[in-house]
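Hello,

Here is the structure we talked about passing on. Please have a look, and my notes follow below.

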Amino acid sequence: MSGDKELADLRAQRMKELQGMQQQQKQEEMQQQQQQAINSVLNQVLDQQARARLNTISIAKPERGRQLESVILQMATTGQLAGRLSEADLVALVERINAQTQKTTSVKFDRRRAAVDDDDDW
């Protein structure tokens with residue numbers, strides 16, 4: 001009887017694994033469909049050179065590429081784009097986004113604390 005219980009436990013465990021794998025496959029398919037939809041919209045909105053530039057940016061800085069894609073998609077869905085974006089338009093958009101998200105850093109140097117050299121030694 002203990003063999004039957006172990007077999008039932010193994011079957012239940014295997015069923016859970018299969019269900020988990022099916023859910024994971026469904027999620028991957030949904031992500032692929034979303035990515036295909038995004039790519040089709042970007043192909044409609046960007047000309048070939050601008051699309052190449054966006055791909056280059058995405059490879060170099062994936063975070064920045066996703067941010068640009070989302071801005072372009074938002075502009076396309078809200079009707080802010082009159083026609084296809086050229087490479088120059090994309091560069092201007094990148095510069096505008098960089099100006100908005102640019103972090104300013106400042107270095108403060110405190111001379112009193114950094115005074116390692118004492119004049120009394122001379």
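Is E87 buried, partly exposed or exposed? E87 is partly exposed, because its relative accessible area is 23%. The classes are buried (under 20% relative accessible area), exposed (over 50%) and partly exposed (in between), with a 1.4 Å probe and protein chains only.

Some ground rules. This is a predicted model, in which local features need pLDDT of at least 70 and side-chain atom pairs count only at pLDDT 80 or more, while totals for chains, interfaces and linings use all residues. Residues are numbered from 1 along each chain as its sequence is written, and side-chain values use heavy atoms, with hydrogens and water left out.

Overall layout

The protein has five helices and zero strands. From the N terminus the order is α-α-α-α-α. These elements are DSSP runs, numbered from the N terminus (helices: H or I, at least four residues; strands: E, at least two).

The radius of gyration is 28 Å, whereas a compact globule of 122 residues would have one near 14 Å. That radius is taken over C-alpha atoms, and the globule rule is 2.2 Å times the number of residues to the power 0.38. The C-alpha trace spans about 95 × 60 × 25 Å along its principal axes. Buried residues are 16% of the 122.

The protein exposes about 10700 Å², and carbon and sulfur atoms supply 49% of that. Accessible areas come from the Shrake-Rupley method (1.4 Å probe; for residues, only the protein chains shown count as cover).

Salt bridges

The whole structure holds three salt bridges. The criterion is a side-chain nitrogen of Lys or Arg within 4 Å of a carboxyl oxygen of Asp or Glu.

- E87 and R53 pair at 2.5 Å, N to O. This one links distant parts of the chain: E87 sits in helix α4 (residues 87–101), R53 in helix α2 (residues 48–60), 34 residues apart. R53 counts as partly exposed because its relative accessible area is 34%.
- R14 and E17 pair at 3.4 Å, N to O. Both lie in helix α1, three residues apart, about one turn of the helix. R14 is partly exposed at 46%, and E17 is partly exposed at 38%.
- K5 and D9 pair with their closest N and O atoms 3.9 Å apart. Both are in helix α1 (residues 2–45), four residues apart, about one turn. K5 is exposed at 56%, while D9 is partly exposed at 43%.

Core and contacts

The largest nonpolar core has 16 residues; L42, L46, L54, L68, I72, L90 and L93 touch the most other members. Helices α1, α2, α3 (62–78) and α4 each supply at least two residues of this core. A nonpolar core is a set of buried Ala, Val, Leu, Ile, Met, Phe, Trp, Tyr and Cys residues joined through side-chain atoms within 4.5 Å.

What does L90 contact, leaving aside its neighbours within four places in sequence? The partners are A50, R53, L54 and I72. Contact means heavy atoms within 4.5 Å. Among contacts between residues at least 6 apart in sequence, 65% join residues at least 24 apart.

Surface patch

M15, L18 and M21 form a nonpolar surface patch, with about 260 Å² of accessible area together. M15 lies in helix α1 and is partly exposed at 47%.

Best regards

Conventions. Patches are made of residues with over 30% relative accessible area and no salt bridge: like charges are joined within 9 Å, nonpolar side chains (Val, Leu, Ile, Met, Phe, Trp, Tyr) within 5 Å.
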